[in-house]
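Me: Could you take a close look at one helix in this protein for me, and then tell me how the rest of the chain fits around that picture?

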Amino acid sequence: MRAFREAVEAQDMDAVEALLAEDVVFTSPVVFKPYPGKAITAAILHGVARVFEDFHYVREIGDRDGTDHALLFAARVGDRELTGCDFIHVNEDGLIDELTVMVRPLSGAQALQAAMGAQFEQIAKEAEARSTVG
């Protein structure tokens with residue numbers, strides 16, 4: 001998913017949001033229950049952009065013309081380094097309808113969970129605003 005990778009690397013979250021299907025499902029690395037819908041997924045991704053430091057993709061796996069992609073990344077949250085993978089599925093329109101994120105090690109996942117927890121009130125407000133606009 002070249003367009004997603006380029007948008008994330010450019011920190012162009014509006015372009016990232018434009019690649020999301022309305023019925024996208026986001027599966028977090030630190031929360032059991034998936035988040036369905038474009039509004040909440042976009043708000044979470046905006047929150048992640050605020051939390052991750054030194055974020056960069058290190059490898060892309062998958063057929064460029066296929067529907068399933070894996071983007072391996074490295075980042076920091078505070079003083080914790082982590083690596084992870086964005087697993088992406090695109091629908092017949094080329095929009096992301098599934099986004100699952102995995103991270104390691106546990107200390108990095110815990111730092112991410114704490115940082116995102118601190119963002120959650122703002123994320124909820126942003127999701128609400130997006131759902132009333134769209």
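Reply: Let's start with helix α3, residues 38–51: at 1.5 Å a residue its 14 residues should span 20 Å, and its end C-alpha atoms do sit 20 Å apart, so the two agree. (The expected span is 1.5 Å times one less than the number of residues; helices are DSSP runs of H or I with at least four residues, strands are runs of E with at least two, and both are numbered from the N terminus.) Keep in mind that this is a predicted model, where local features need pLDDT of at least 70, side-chain atom pairs count only at pLDDT 80 or more, and totals for chains, interfaces and linings use all residues. Residues are numbered from 1 along each chain as its sequence is written, and side-chain values use heavy atoms, with hydrogens and water left out.

Most of α3 is covered, with 12 of its 14 residues buried, meaning under 20% relative accessible area with a 1.4 Å probe, protein chains only. The buried set runs K38, A39, I40, T41, A42, A43, I44, L45, H46, G47 and V48, plus V51. Across the protein's 134 residues, 45% count as buried.

Now for the rest. The protein has four helices and six strands, in the order α-α-β-β-α-β-β-β-β-α from the N terminus. Its radius of gyration is 14 Å, close to the 14 Å from the globule rule for 134 residues, so the protein is as compact as a globular protein of that length. (That radius is taken over C-alpha atoms, and the rule is 2.2 Å times the number of residues to the power 0.38.) The C-alpha atoms fill a box of roughly 40 × 35 × 25 Å along the principal axes.

Key. Buried means under 20% relative accessible area, exposed over 50%, partly exposed in between (1.4 Å probe, protein chains only).
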